[in-house]
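Let's take a walk through this protein together, one neighbourhood at a time. Have the sequence and the 3D view ready.

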Amino acid sequence: MAEQLKPEIFELNNGTMRVKVTNYGCTITSLLVPDKYGNLADVVLGFDSLEAYLGGNAPYFGCIVGRVANRIKDGKFSLNGVQYSLPVNNHPNSLHGGNKGFDKVVWEVIDYKEGENPAISFRYHCHDGEEGYPGDVIATATYTLTSSTTLRLDMEAVPHSKPTPISLAQHTYWNLAGHNSGDVLEHTAQIWASHYTPVDHTSIPTGEILPVKDTPFDFTTEKKIGTSISEVPGLGYDHNYVLDSKEEKLGLKHAAKIKDPSSSRVLDLWTDAPGVQFYTANYVNGVTGKAGAVYEKHSGVCLETQGFPDAINQPNFPSVVVQPGEKYSHTMLFEFSVAV
């Protein structure tokens, strides 16, 4: 049984980059990549000990969230005439799978290999009715270092008994200057999306798909994250972008590029998901992390590729419903480099 599995930390190391992941929530706990001088820094927010993750202190640091990432309005949806109720853990909505989503369970390690392309695979059996969702689902996640400075994540999930919504997301908070270097407002961002899904005051999409042009949400060309953040209603960016298919690699769309001017580190993200949640750590407030670093608002940026938020209740959004025997799949490619 999954309950008897033990949380552990595993390392993927190819000699250039080092990634630590735990089977608790498939969480990336640290990721070291070189800067323009070859100096390594840990560029993800997180904790030194597993106990801090297990204690529920993390605002989704580094984990995979599911069965359905992001928010579901009022924690309710109906499917094939059946009404389902989910935990309301982000009032008045259900967020990231509920009280005990995929991020708060221990996954089974099904493969772990070292060498030039080290990789680790995890599996989780989510049961019918777990957190209110219908049907059994077997989910797998594989992290692989595919080149000296590239991390690939492949997520899959198969429902076994009933149709169900499935939408997984990877929730790492990135700070390319180093996890302990303050806010990311000087980082630049480019997002390959000419539209976004506006939200109401509870962060639920209104159902509209609007152009980003002439709004603070426009990152179609590179700009500082902090440039227009004060014009965004609320505390900062926490919005789903509708990804265009302008640039492709290995069957994946270019989703975003983040750059840190101080270290010259660059992160290019590629995916096959329809959207990306661009989130500027608005609710991180005085969290004590690795080596005593205190993480405050805007201390990281999340690039959560995903199905659209509340898609189960929004008929004009791409469907997130998966039928028994069908396979949900979602790939992310994190390419690190140094700006020249």
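**Around the annotated site**

His171 is found in the loop between strand S15 (169-170) and S16; strands here are DSSP runs (E, at least two residues), numbered from the N terminus. Before going on, note that this is a predicted model, where local features need pLDDT of at least 70, side-chain atom pairs count only at pLDDT 80 or more, and totals for chains, interfaces and linings use all residues. Residues are numbered from 1 along each chain as its sequence is written, and side-chain values use heavy atoms, with hydrogens and water left out.

With a relative accessibility of 3%, His171 counts as buried (under 20% relative accessible area, with a 1.4 Å probe and protein chains only). Glu304 lies in strand S28 (residues 301-306) and is also buried, at 2%. Not counting residues up to four places away in sequence, His171 touches Glu304, and its other contacts include His96 and Tyr279; contact means heavy atoms within 4.5 Å. Glu304, for its part, is in contact with residues including His96, Gly275 and Tyr279.

Why look at these two? An unreviewed UniProt entry lists His171 and Glu304 under "active site"; such annotations are given in the numbering used here, with shortened feature names, and may be inferred rather than shown by experiment. Although they are spread over 134 residues of sequence, they cluster in space, with a largest C-alpha distance of 5.8 Å.

Now step back to the sheet. Six strands form an open sheet in the order S16-S28-S25-S21-S18-S19, with antiparallel pairing (two strands pair if DSSP finds at least two bridges between them). Strand S16 (173-174) and strand S19 (210-211) stand at the edges with a single partner strand each, so one side of each is left without a neighbour in the sheet. Inside, S21 and S25 pair over five bridges, and Tyr241 has Val276 in S25 as its bridge partner.

Finally, the aromatic rings. The whole structure holds 23 aromatic pairs, meaning Phe, Tyr or Trp rings (for Trp, the six-membered one) with centres within 6.5 Å; planes under 30 degrees apart count as stacked, over 60 as edge-to-face and the rest as tilted. Tyr237 and Phe278 have ring centres 5.2 Å apart and planes at 55°, so this pair is tilted. Tyr237 lies in the loop between strand S20 (223-224) and strand S21 (238-242) and Phe278 in strand S25 (residues 275-279), so the pair ties together parts 41 residues apart in sequence. Both Tyr237 and Phe278 are buried.

How values were computed. Helix = DSSP H or I, 4+ residues; strand = E, 2+ residues; numbered from the N terminus. Buried < 20%, exposed > 50% of the residue type's maximum accessible area, 1.4 Å probe, protein only.
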